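Me: I have a model open and would like to go through its side-chain pairings. Could we begin with the charged ones?

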Amino acid sequence: MMVPGKRLLAVTIAALSFGVAAGHAQTPGKQPRALLELFTSQGCSSCPPADALVVELAKDPDLIALTLPVTYWDYLGWKDTLGKDSFAKRQKFYAKARGDGQVYTPQLVVNGAGHLVGSDKSEVEKTIRHVAPGGFPVRVGLREENGNLEIRLAPAGEAAQHPAGVWVLPTTHLASVPVTRGENQGKTLSYANVVRGMVRVGDWDGKETTITAPLSATRAPEADGYVVVVQAEQPGKYGMMPGPILGAARGRATP
């Protein structure tokens, strides 16, 4: 496990999918149980096992597993080709919102709440059972029509009654990167559902509603899919802090 403070760098760094018949509806499916966010780096020697585990977990239809490469290890001799400063900021905000200040790689955040070393499969399964025993409290349905993405939200329990942001995350289903320098020199690393950006498309007040966003929000260079995330928010010293994930759904990128 790599912790920034140990490397001369002090970093305190962020459904039941119901379809509709009209328009271009995404394929209906069972609501995922959990959303996993892996904060990783190509410059982290302990990250490849976690990267591989997320590739495996991403095959589970009950889970949405995402990869968010960070940039704070770039100084070790290899600049992460997928990394974004915004992901490092998101990881930092998660740590501040939890109050534990723990930022490291590979760090897996489950449903915006629990976190653990991302290479430990048994602990991942245990954390999912603890954090998400009954699945998400919000149902998310997706429909594409006339150049727009319609996001239908419906509360499925009392836990859904929180102010929340609605986000669209363009993703790349699978990416492979040959690393020629740094701690992973000579390795080709594979990543599942690499996040290419985060676009906030609306607010949610806990009531059944439909939010409309331009399809351009689902697109990014090299993205071939997207995920819609409904995430509770809480005010903090540095602005709105990310809270628990209330709902999520997958979408396919369309031309």
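**Salt bridges and other pairings**

Reply: The structure holds eleven salt bridges, a salt bridge being a side-chain nitrogen of Lys or Arg within 4 Å of a carboxyl oxygen of Asp or Glu. The model is predicted, so local features need pLDDT of at least 70 and side-chain atom pairs count only at pLDDT 80 or more, while totals for chains, interfaces and linings use all residues. Residues are numbered from 1 along each chain as its sequence is written, and side-chain values use heavy atoms, with hydrogens and water left out.

Me: Which residue does Arg90 meet in a salt bridge?
Reply: Arg90 pairs with Glu37 at 2.8 Å, N to O. Helices (H or I, at least four residues) and strands (E, at least two) are DSSP runs, numbered from the N terminus.

Me: Are Arg90 and Glu37 buried or exposed?
Reply: Both are buried. Buried means under 20% relative accessible area, exposed over 50%, and partly exposed in between (1.4 Å probe, protein chains only).

Me: What about Glu56, which residue is its partner?
Reply: Glu56 forms a salt bridge with Lys121, with 2.6 Å between the closest N and O atoms. Glu56 is in helix 1 (residues 48-57) and Lys121 in helix 3 (residues 121-131), so the pair ties together parts that are 65 residues apart in sequence. Glu56 is partly exposed at 40% relative accessible area, and Lys121 is partly exposed at 34%.

Me: Changing topic: how many disulfides are there?
Reply: The count is one disulfide, defined as a pair of cysteine sulfur atoms within 2.5 Å. Cys44 and Cys47 form this disulfide, with their sulfur atoms 2.4 Å apart. The link of Cys44 and Cys47 is right-handed, with 90° about the S-S bond, and both cysteines are buried.

Me: And how many aromatic pairs?
Reply: There are three aromatic pairs. Rings of Phe, Tyr and Trp (its six-membered ring) pair if their centres lie within 6.5 Å; planes under 30 degrees apart count as stacked, over 60 as edge-to-face and the rest as tilted.

Me: Why is the pair of Phe39 and Tyr94 edge-to-face?
Reply: The planes of Phe39 and Tyr94 stand at 75°, with ring centres 6.3 Å apart, so the pair is edge-to-face. Phe39 is buried at 0% relative accessible area, and Tyr94 is buried at 1%.
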